[in-house]
Amino acid sequence: KRIQNRVSRIEGQVGGIKRMIGGNTEDDKVMTQLQAVISSLESLKLELLKKQMQESMVEDIKKSLGLSE
């Protein structure tokens with residue numbers, strides 16, 4: 001759910017950029033929003049990596065204890 005919320009927020013940011021470009025917003029403001037999207041994507045990437053690592057560690061621990069199928 002948390003990851004889905006992040007993706008939805010990023011979609012909203014990108015939609016805002018699209019409207020800004022269509023509305024002839026100043027380039028510096030568009031660039032600021034682009035940087036915000038890049039930061040959001042980096043944050044999402046780190047969260048997904050963290051989730052993957054946690055799941056992998058749990059599975060490895062289960063295997064080492066003979067608890068996995």
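Start by selecting Arg2, which is exposed, with a relative accessible area of 58%. Here exposed means over 50% relative accessible area, buried means under 20%, and partly exposed is in between (1.4 Å probe, protein chains only). What you have open is a predicted model, in which local features need pLDDT of at least 70 and side-chain atom pairs count only at pLDDT 80 or more, while totals for chains, interfaces and linings use all residues. Residues are numbered from 1 along each chain as its sequence is written, and side-chain values use heavy atoms, leaving out hydrogens and water.

**Next stop: Glu47**

Is Glu47 buried or exposed? Glu47 is buried, with a relative accessible area of 14%. The side chains of Arg2 and Glu47 meet in a salt bridge, 3.1 Å from N to O. The term salt bridge stands for a side-chain nitrogen of Lys or Arg within 4 Å of a carboxyl oxygen of Asp or Glu. Arg2 lies in helix α1 and Glu47 in helix α2, so this pair ties together parts that are 45 residues apart in sequence.

**Zoom out to the two helices**

Show helix α1 (residues 2-22) and helix α2 (residues 27-64). Helices are DSSP runs (H or I, at least four residues), numbered from the N terminus. At what angle do α1 and α2 pack? The angle is about 165 degrees, and their axes are 10 Å apart. Axes are lines fitted to C-alpha atoms, for helices over the stretch in contact, and angles run from 0 to 180 degrees between N-to-C directions. The two helices are therefore roughly antiparallel to each other, a label for angles over 145 degrees. By class, the contact of α1 with α2 has 14 nonpolar, four polar and five charged residues. Nonpolar covers Ala, Val, Leu, Ile, Met, Phe, Trp, Tyr, Cys and Pro; charged covers Asp, Glu, Lys and Arg; the others, Gly among them, are polar.

**Last stop: along α2**

Select Glu55 and Lys51, which form a salt bridge with the closest N and O atoms 3.4 Å apart. Being four residues apart in helix α2, they are separated by about one helical turn. Glu55 is partly exposed at 47% relative accessible area, and Lys51 is partly exposed at 39%.

Terms used
Angles under 35 degrees count as roughly parallel, over 145 as roughly antiparallel, 65 to 115 as roughly perpendicular and the rest as oblique.
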